[in-house]
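Here is a short report on a two-chain protein model. Keep the sequence and the structure open while reading.

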Amino acid sequence: MSGFWSICLSQFEQELPPQQFNTWIKPLRLEGEDNLAEGLRLLAPNGFILKWVKERYLSRIEELAHSHFSAPVAISLGIGGGRTAVAVARPTAPAAAPAEIPAAAPRIMAPAPAAAPAPAPAARRNNGPQSSYEKTRLIPGFTFDNLVVGKANDLARAAAMQVAQNPGVSYNPLFIYGGVGLGKTHIIHAIGNAILQADPDKVVRYVHAEDYYSDVVRAYQQKSFDVFKRYYKSLDVLLVDDVQFFNGKNRTQEEFFFVFNALTEAKKQIIITCDTYPKDINGLDDRLVTRFDWGLTVQIEPPETEMRVAILKKKAEAEGVALDDEVAFFIAKHLRSNVRELEGALKKVLAYSLFHGREIALDLAKDALKDVIGAFNRQITVENIQKTVAEYYKIKVADLYSKKRTRAIARPRQVAMWLAKDLTPHSYPMIGDAFGGRDHTTVLHAVRTIDTLRAKDNELNHDLHVLLQVLKG
Amino acid sequence: MLPPMRQLLLDLMPESPPSLANFVGDGNEEALAALADWFSGPQPLFLLWGEAGSGKSHLLQASGLHYVDGAQDPLLAGAPAEAEGLAVDNVQALAEAGQIALFNHFNRLRLAVENGRPGKLLVASDQPPAALQLREDLRTRLGSALIFRLRPLSDEEKLAALAAQAADRGLKLSREALTYLMNRSSRDMRTLAALLAALDRYSLEHKRPITLPLLREVLQHAGDSTV
């Protein structure tokens, strides 16, 4: 490393807390020391770090340069590759498994250490902005290979694979329904990718119902319904995601009705996903509901705990991290309703482990997930505090805003005020109001009293500790 | 004749777009490190949550992404259809149509990333995704993000930040005056900073130094709208 920059680095290392140094200074690169006349060039890995450095550290760097070279030196800023940020680099980088799940969708773009990704269709992308693969709108990371199978999606997967092997022949349409975040989108993309892999000449198109609606609107505005119809009728396989979005959109439903008829008559495959059973879709034309039932309707259910554990382990494996059962179980137990949130939780645990340089273990997972698991972080209100304090001291909430001044009431009231000051951003006058319209000086007095008392009164200190724990969850 | 107090109240808004130079990151080092790293990584989505005044809007506005505030623009009409980077503030305030718009932006940006093009969506909310009252399909997608809570400053840190902001404005405020302000107004940084700006203007307009009586005057008038 060059002379000045290494001096600069060690200077910042002394001046800044290590976390700040690692985040903002360490990822920088300095160029141009060999040709000072041209000025120095400071490269940051991205615009955000660049901006931060410019607004907070550049003047200091200029100062150091001035004293090092005994003359002012021009320093320009730019974005440049090289090393990326160090602090949390690895987990976020390949952790790119897309948000729809349920399995460990390994990335193709980023070098995913483990897990061999889906081959054929993916290989053909990146050939310019609109390669033929890209026109399908398929997500290459969603394949049957990385779909975690369990009781919850067994049937849907079997049907989907059969359709993928014989498009247009077995079940038409294939209608997959289930709650959000259970992997419908993964399966529908997997079908498209499998069909293309078997026959690259097939014209496959994935469309989210909202985008289909936008297409209809555009065709309407541009009076180009002919082009629109011709395009959709030319497809071999049409994959429509989240068809419940057609709710109440009559023109869209009408257009879709014609496309549906044309494609099924020509023995072209249609696959549809939805959040409910066809008959339960709100605002959907009866003739569409009837047609959705022509083929096969399969359900995806929420995954049971073992399956969620398996999903987590597969996802972690795709990131090149081994997750032990205990940790996977902890995450799976706390995020039950859908698979998507499991992914957010896992990302957080990995990021946390890297930032703190700690092994992934149960304790770490608990710490890491405090921000993610909502129950740990309920919004704390003054009412909430009053209720909790009253219960704790076995008095009535009404006593807290009454005029009573006996110690058995006054002390809990002061405790509640102290907690309100500590746990909410409310002003003293507002807190006073919430306690029966008391003056803000009363609140100030309460806060000071408790602050003084807690230093010498163990019992009070214990009360506060317990109450804080309860309120913070 | 003094300018009417109404005018002052209307002006109780943050002034210029915030820069990163005055962002107080204490206690949020991990979130900031993850955010700084996210900008160079391939992930399309990042979510910050925290209470009012914890610095979410500040970071979003300084992020360099196209900023849209769900509280001001619940339909998300201000988000350009082709934006490569979006920072959407206050998602909890989005109307149904705005939620669908965000859902579409998310799908669009994710697909862009999948195809090797840029796509960044930075989102802020007042609660973690698990507790947000949004469309379930959107809520769970937000839940798949890298999620960080921004912690608000302690009172002592707020005092220090406020003193620094006052110094930036060339104001000399005693600790006593700052404490007075903290004890009587809402204690979130945004309100405090706005009050400071109002004080600055008020003292300039009336050619009076900032003293406790002046503070009292301003707070009395501003009281209803800020606390």
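## Basis and confidence

This is a predicted model, in which local features need pLDDT of at least 70, side-chain atom pairs count only at pLDDT 80 or more, and totals for chains, interfaces and linings use all residues. Residues are numbered from 1 along each chain as its sequence is written, chains are lettered from A and ligands numbered from 1 in the order in which they are written, and side-chain values use heavy atoms, with hydrogens and water left out.

The model scores ipTM 0.76 and pTM 0.72. Average pLDDT (the predictor's confidence in each residue, from 0 to 100) is 85 for chain A, with 87% of the residues at 70 or above. Chain B averages 84, and 89% of its residues score at least 70. In chain A, pLDDT stays under 50 over residues 83–129, a stretch with 151 contacts (heavy atoms within 4.5 Å) beyond four places in sequence. In chain B, pLDDT stays under 50 over residues 6–14, with 17 such contacts. Helices (H or I, at least four residues) and strands (E, at least two) are DSSP runs, numbered from the N terminus.

## Annotated domains

An unreviewed UniProt entry annotates residues 170–301 of chain A as "domain: AAA+ ATPase". That stretch is 45% helix and 20% strand, and its end C-alpha atoms lie 23 Å apart. For chain B, an unreviewed UniProt entry places "domain: Hda lid" at residues 155–219. Here the chain is 75% helix and 0% strand, with 19 Å between the end C-alpha atoms. UniProt positions follow the numbering used here, feature names are shortened, and annotations may be inferred rather than shown by experiment.

## Nonpolar cores

A nonpolar core is a set of buried Ala, Val, Leu, Ile, Met, Phe, Trp, Tyr and Cys residues joined through side-chain atoms within 4.5 Å. Buried means under 20% relative accessible area, exposed over 50%, and partly exposed in between (1.4 Å probe, protein chains only). The largest core has 82 residues, and Phe256(A), Phe292(A) and Ile331(A) have the most contacts inside it. A second, separate core holds 48 residues, including Trp5(A), Tyr57(A), Ala31(B) and Phe39(B).

## The A–B interface

In this model, 70 residues of chain A contact 60 residues of chain B. The two chains bury about 5,700 Å² between them, 55% of it on carbon and sulfur atoms. Buried area is the accessible area (1.4 Å probe) that two parts lose on being put together, summed over both.

Between the chains there are 3 salt bridges. A salt bridge is a side-chain nitrogen of Lys or Arg within 4 Å of a carboxyl oxygen of Asp or Glu. Glu134(A) and Arg117(B) form one, at 2.5 Å, N to O.

## Two covered sites

Helix H5 (residues 136–143) of chain B has 7 of its 8 residues buried. Among them are Asp137(B), Arg139(B) and Arg141(B). The buried residues of H5(B) pack against elements of both chains, including helix H9 (184–198) of chain A and helix H4 (96–114) of chain B.

Leu460(A) lies in helix H23 (residues 458–472) of chain A. Leu460(A) counts as buried because its relative accessibility is 5%. Its contacts include Tyr393(A), Val415(A) and Ile450(A).

## Salt bridges within chain A

Over all chains, the structure holds 26 salt bridges. Arg60(A) pairs with Glu63(A) at 2.6 Å between the closest N and O atoms. Both lie in helix H4 (residues 58–69) of chain A, 3 residues apart, about one turn of the helix. Glu15(A), Arg60(A) and Glu63(A) are linked in a salt-bridge network.

Asp215(A) and Arg218(A) meet at 3.1 Å, N to O. Asp215(A) is buried at 17%, whereas Arg218(A) is partly exposed at 41%.
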